[in-house]
Amino acid sequence: FLAYKEERCRYVKLEPALAELRNGQPLVSASFVIPYPPGFPVLVPGQVINKEIIDFLIAIDVKEIHGYHATQGLRLLCGDALPGRRRRSRS
């Protein structure tokens, strides 16, 4: 449910995503990413993205990729929404 709020998400294109991974930045998908055809998800919400997944998305030759925005890129969780980076309120 973290990805329901847009302020918890950001977008990054595939090539810059590789650079972020090289710099140790964790990338966590905020949505399903489904190349079509065949129509099977390669990313699901909450999945940690690795270099192999980005390489695959760059290499595939398909009509469309549902969940990938050509002008914005992949929708990722960011900042406080990432596991282990959240501020926990004391009750």
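Here is a friendly walk, in questions and answers, through a predicted model of one protein chain.

Reader: What share of the 91 residues in the chain is buried?

Author: A residue counts as buried when its relative accessible area is under 20%. Among the 91 residues of the chain, the buried share is 31%.

Reader: Among contacts with a separation of 6 or more, what share comes from residues 24 or more positions apart?

Author: Contact here means heavy atoms within 4.5 Å. Taking the contacts in the chain with a separation of 6 or more, residues 24 or more positions apart account for 62%.

Reader: Which strands form the open sheet, and in what order?

Author: Strand β1, residues 9–12, is joined to β5 by four bridges, and the two run antiparallel. Strand β4, residues 68–69, pairs with β5 over two bridges, also in the antiparallel sense. Together the three strands make an open sheet with the order β1-β5-β4.

Reader: Which strands are the edge strands of that sheet?

Author: The sheet has the order β1-β5-β4. An edge strand pairs on one side only, and the edge strands here are β1 and β4.

Reader: Which helix packs on the sheet?

Author: This helix touches β1, β4 and β5. Its direction makes about 110 degrees with that of β1, and the helix is α1.

Reader: How many residues of strand β5 are buried?

Author: Strand β5 spans residues 73–77. The strand is mostly covered, and the number of its residues that are buried is five of five.

Reader: Which residue in β5 is the bridge partner of Y68?

Author: β4 and β5 form a hairpin, with three residues between them. For Y68, the bridge partner in β5 is L74.

Reader: Are helices α1 and α2 roughly parallel or roughly antiparallel?

Author: Helix α1 covers residues 14–22 and helix α2 residues 51–59; their axes come within 10 Å and cross at roughly 165 degrees. Angles over 145 degrees count as roughly antiparallel. The crossing angle therefore makes α1, relative to α2, roughly antiparallel.

Reader: What classes of residue make up the contact of α1 with α2?

Author: From α1, the residues L14, E15, A17, L18 and L21 meet K51, I54, D55, L57 and I58 of α2. Sorted by class, this contact of α1 with α2 has no polar residues, three charged and seven nonpolar.

Reader: Is the crossing of α1 and α2 left-handed or right-handed?

Author: The two axes come within 10 Å of each other. As α1 passes α2, the crossing is left-handed.

Reader: Is S31 buried or exposed?

Author: S31 sits in the loop between α1 and β2. Apart from neighbours within four places in sequence, S31 is in contact with L43, V44, P45, G67 and R75. The relative accessible area of S31 is 15%, so S31 is buried.

Reader: How far apart are the C-alpha atoms of I34 and L57?

Author: Along the chain, I34 and L57 are 23 residues apart. L57 is one of the α2 residues that meet α1. The C-alpha atoms of I34 and L57 are separated by 9.9 Å.

Reader: What is the relative accessible area of Y36?

Author: Y36 lies in strand β2. Leaving out neighbours within four places in sequence, Y36 is in contact with V62, K63, E64 and H66. Y36 is partly exposed, with a relative accessible area of 41%.

Reader: How far apart are the C-alpha atoms of Y36 and D61?

Author: Y36 and D61 are 25 residues apart along the chain. Between their C-alpha atoms, the separation is 9.5 Å.

Reader: Is the peptide bond from P37 to P38 cis or trans?

Author: P37 is found in the loop between β2 and α2, and P38 lies in that loop between β2 and α2 too. For the bond from P37 to P38, omega is near 15 degrees, and the bond is cis.

How values were computed: Residues numbered from 1 in each chain as written. Predicted model: local features only at pLDDT ≥ 70, side-chain atom pairs only at ≥ 80, totals over all residues. Heavy atoms only, no water. Buried < 20%, exposed > 50% of the residue type's maximum accessible area, 1.4 Å probe, protein only. Pairing = 2+ DSSP bridges. Axes fitted to C-alpha atoms, helices over the stretch in contact; angles between N-to-C directions. Parallel < 35°, antiparallel > 145°, perpendicular 65-115°, else oblique. Left-handed = near helix turned anticlockwise from the far one by under 90°. Nonpolar A, V, L, I, M, F, W, Y, C, P; charged D, E, K, R; others polar.
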